Amino acid sequence: MASRREERIPHWILHAVLVLMVLVTVYPLLWVISIALSGGQSLALASLPADPGKLDLLRAVVPWPERFSAANFTAVFRDQPFGRWMLNSVIVSAATTVLGVFLASTAAYAFSRFRFPGRRTGMMSFLVSQMFPGTLMLIPLYIIIVKWLGLGSTRIGLVLTYATTAIPFCVWMLKGYFDTIPRELEEAAIIEGAGPARVFWVVVVPLAKPAIAITALFSFMTAWNEFILAATFMDKEDMYTAPVGLRFFVGGFSQQWGYFAAGSIIVSIPVVVLFLYLQKYLVSGLTAGSVKG
Amino acid sequence: MTRPASHWPRALAGLAAGLAIAVALSWAWLRAASAGGYEERARAEAVGAVTQLAKAVEQAGAEGDAARAALTAWQAGQPAGTVARLVIVSGARLEGSTDPRDVGERAAPRRLQRDEKWAYDQAQRLRGVVMENAEQGFARAEVEVERLEGRYALGAPVRKDGAVVGAVEVDRPAKPPPAPPGAPAALAAVALPLLAFLPLRRAAARRGPAVAAALALYAAGVGGFAAWALRLAGGSGEGVRALALSAALGLALLLFVALGGAGRAGAALRRHRVAYAYAVPAMIGMLVLVFFPFLYGVVLSFTGQTIYNTSAPLTEIWVGLQNYVEILRTFAFRMPDGSPSFYWTLAFNVIWTVTNVAIGVSVGLVLALILNTRGLAFRPIYRVLLILPWAMPNYITALIWRGMFHRQFGVVNYARMLFGLEPLSWFDQPFTSYLTALATNGWLSFPFMMVVSLGALQSIPADLYEAARVDGATRWQQFKAITLPSLKPALVPAVILSVVWTFNMFNIIFLVTGGEPNGTTEILITQAYKYAFQQYRYGYAAAYSTVIFLILLAYGVFQNRVTRATEGI
């Protein structure tokens, strides 16, 4: 018994490491919040005198604004079309999630349960498609979506693109999870007289809830966070998604850090909340397939 | 022995499908080509006619009876309904006219009337163009052509002693377009070989002869249609290309069906129809929006496309391997102009990937091991806080970090000053610039590895450790013998994925360092983006991207060999 106690690392060391890492993790975020709440557009939280002393510098490093003001939050909605951009993002991301999860889960089910010609080719081609560089796709996608399909500056064009480009990763993840669901459950349902569609919706989908939740989360995040395609497809300012609009605040010659910080917080809250809510599924959803391997 | 009769329906079906597609495609193409060609020829012919008139009038002295005679003589050779007028600028005179309305009181020569001001204006306009061309050397067209409903309105300047004195103005009916390649001929080209095949199949019942007969009849059908259609279209190069392409497509289809490919594909489709029904929606999306754009990009890489020739057909700007040669040619790390070469960027990209994945895995693994300690207080709170970087949109965090490294207002420099150090211009040196991106991406990427490791750690049964402890194994031995092997199945795919992601981590480099200073911290993908969207060299950027893809593919194949990650799929 004594030897076992000696081997343990004291908990206070572990706590020290964790607290340090948490500080590193949280610092940039606190800093954005401070800028957003400072009411100004400056990158610095405190204006330094010409010859700053230690105290002035400490004051500048601590993420705490000199005075609090919600001006940036109200201004992005009142003076900037940020509400409109958020609405675009919400619509695009929600539609992408629904479409992406539907496409990925049906395909993953086929790849997991059936043996058919082209199955291995299909899975490998999904894997290889993860290696396609975005810049190689950007010009052709622009030609297809904007020139041929006429879907430039529309939400449908973005939804179709996001939903399909997220498919490979989602299919791989879901397939791994579907593989771990015992087939006997489906066979039992078939014996009870259920058709293929019913087996899928009533038996498989509810059992795969953790993986589907994670797939939905990733589809949503892909659409919510993407900005290069959105910036390429959307010509009209009132069709921008939130990321394109945010980039607008601190890109090029404008340096409106206050607007950017306030907008960033508004944009991040939904996805952070969703992420933290679904993170209990994260471990099982991500690793179920691979651990078995 | 198989029943010999089973081959001829396949050959016949293949013949029908191949012919139908070949003839239909070439018919459509030829129609479009002949319509376009006709418009161009008719226009050129009209311009030629008015130029010829202007010459004739000039030779006749531009004014007087001789000019009027030249007008009438020219008129005789033109299509019925053509009307020509000769306008002289000085005095705004109508010198001659073949318009049937210009008789009696209105007969030329006379002064132009108020409602004929347009004719005077046109003559003035043409004189202006000619003078401008002489003075400034702009080669603007000296003939005005306007395509109206069913006719052309034309004007050409008339010179006398080197100066423009007036203009001839012509109203000429457009010839009706020629009949397009007719549908009956196309039908005949399809139907006749098919009819010929039916008696033939008695003689040739086995597969080989049936297919050979189908091929011969196919050649006859397409050849006959081509000969007839080309004669009609005037044997243009475009027509030949269109015919050859559609004939090749039809031939491929004929062979596919006749040799049984279609039957086998159909049988597989029927047998596995449930599986295909599930997979097809995703597959269609992938084909249209992932694989097709990819192939199109690869094709672009063999062209010299830039923003200035996007509407040119790809065959006209084809440059073969030139882009690839240009990318891979300079073996030094620096280009002659001082900017980093492909090999510099590649080396930087590899260093970038290796360091980032190493940081992500080590930090993530250590945190996971700590968080997996039994009885540690506040574990859920730590975990939630440590996952935050993953949850935040990464373009936002990238921009924040860039702000934190700002030379004047950045918080990192304030912290340096707090410890008595000089503030640094982080983006002026390649190494410090790289550090900023590394810090950002390290901060972003450890939560993923932490979560994956934590998941794997939690699935290790506790009794394994109990048994090891009973056997007297040390902590390090336990880690090596139990923990690491159990982590491997989860960590290996995660590492492979994160290598690919980090290699192509566009947002961080693009938004944090932006390649500063002077492109040294560019990775391949941001470099390709700059070629495409800052220099507008689309073909070159596509070749650059294809090279990136090949590198990643080579890595993927190698990795797959080593880890056998996709075995048993």
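**Close-up 1. Helix H12 of chain B passes helix H14 of chain B in a right-handed crossing.** In this predicted model, H12(B) spans residues 394–404 and H14(B) spans residues 430–458, and the two helices pack at an angle of about 145°, with their axes 10 Å apart. From H12(B), the contact is made by B:Asn394, B:Thr397, B:Ala398 and B:Trp401, while H14(B) contributes B:Ala439, B:Thr440, B:Trp443 and B:Leu444. Sorted by class, the residues in this contact of H12(B) with H14(B) comprise five nonpolar and three polar ones, with no charged residues.

**Close-up 2. A:Thr97 is a buried residue of helix H5 in chain A.** The helix that holds A:Thr97 covers residues 82–113 of chain A. A:Thr97 has a relative accessible area of 14%, and it is classed as buried because this value lies under the 20% cut-off. When its neighbours within four places in sequence are left aside, the residues in contact with A:Thr97 are A:Ala216, A:Ser219 and A:Phe220.

**Close-up 3. The interface between chain B and chain A buries an area of about 8900 Å².** On the two sides of this interface, 101 residues of chain B are in contact with 100 residues of chain A.

Methods: Residues are numbered from 1 along each chain as its sequence is written. Chains are lettered from A and ligands numbered from 1 in the order in which they are written. This is a predicted model: local features need pLDDT of at least 70, side-chain atom pairs count only at pLDDT 80 or more; totals for chains, interfaces and linings use all residues. Side-chain values use heavy atoms; hydrogens and water are left out. Axes are lines fitted to C-alpha atoms, for helices over the stretch in contact, and angles run from 0 to 180 degrees between N-to-C directions. Helices (H or I, at least four residues) and strands (E, at least two) are DSSP runs, numbered from the N terminus. A crossing is left-handed if the near helix is turned anticlockwise from the far one by less than a right angle, and right-handed if clockwise. Contact means heavy atoms within 4.5 Å. Ala, Val, Leu, Ile, Met, Phe, Trp, Tyr, Cys and Pro count as nonpolar, Asp, Glu, Lys and Arg as charged, and the others, Gly among them, as polar. Buried means under 20% relative accessible area, exposed over 50%, partly exposed in between (1.4 Å probe, protein chains only). Buried area is the accessible area (1.4 Å probe) that two parts lose on being put together, summed over both.
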